[in-house]
Amino acid sequence: MACILHIETSTTVCSVAVSENGQCIFEQQERGEKGAGAERLGSMIDEALSFTDNHAIPFDAVSVSSGPGSYTGLRIGISMAKGICYGRDLKLIAVPTLEIMCVPILLRELITEENALLCPMLDARRMEVYAALYDRSLKEVRPVTADIVGEDSYKEFLEERPVYFFGNGAKKCMDIIKHPNAHFIEDIEPQAKWMQPLAEKRFLNEQFEDVAYFVPFYLKDFVAIKPKKLI
């Protein structure tokens, strides 16, 4: 097992964690408005590095939330992750933000139906959300898309099986999506401590990013995606 530093800055909750041998051994988080929590990222990372150095625990990699989410927050988080990788000659692991949000759902066993879909949502503006659909094994059923939510949104999936919506984008959908197969779970947000199983899987599979050229989700793919009306 690896020792990994995890950095999550995609929303108003900025968090840092350290995992070793499949266990979270350090965690710090700060809440702010519109990425303001990222202002304390440097000091939280310093605390994490001091903790591991004091316990003589060598890092193997840095994992960072890759988006979607706050552009400013992601930019700060990825820049810090790159700096640590350069300074300590570590591997860089990118973990999609929406996948991170699924981890507490699965660990807490909040879903019982075997065929259920998970739909993490991050709030955009007006009635827009960034959303993806996964099955319970976190296999991608529908990739990340910018959706303009209406009463018939996700109907093609809801007609077939239960769909669980969660994240800060799901809050504004609760009064709009009324299908009987639509379920909403509150108080789910991306946090660094939930990155551990996803980052370790990527580490074992040697899914590393090029530290020099890696960029946030927005600059790779998302800028080419236009919000669409789901009907």
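The model is predicted, so local features need pLDDT of at least 70 and side-chain atom pairs count only at pLDDT 80 or more, while totals for chains, interfaces and linings use all residues. Residues are numbered from 1 along each chain as its sequence is written, and side-chain values use heavy atoms, with hydrogens and water left out.

With a salt bridge taken as a side-chain nitrogen of Lys or Arg within 4 Å of a carboxyl oxygen of Asp or Glu, the count comes to 8.

Select E189 and R31 to begin, whose side chains form a salt bridge at 2.6 Å, N to O. Because E189 sits in the loop between β10 (182–185) and α5 (196–204) and R31 in strand β3 (residues 23–31), the pair ties together parts 158 residues apart in sequence. Helices (H or I, at least four residues) and strands (E, at least two) are DSSP runs, numbered from the N terminus. R31 is exposed, with a relative accessible area of 52%, whereas E189 is partly exposed at 21%; buried means under 20%, exposed over 50% and partly exposed in between, with a 1.4 Å probe and protein chains only.

Next, select D53 and R88, a salt bridge whose closest N and O atoms are 3.1 Å apart. This pair links helix α1 (residues 41–54), which holds D53, with helix α2 (residues 71–88), which holds R88, the two residues being 35 apart.

Then move to R136 and E114, which meet in a salt bridge at 3.7 Å, N to O. R136 is partly exposed at 29% relative accessible area, and E114 is exposed at 67%.

Finally, select E30, R40 and E47, which salt bridges with shared partners join into one network.
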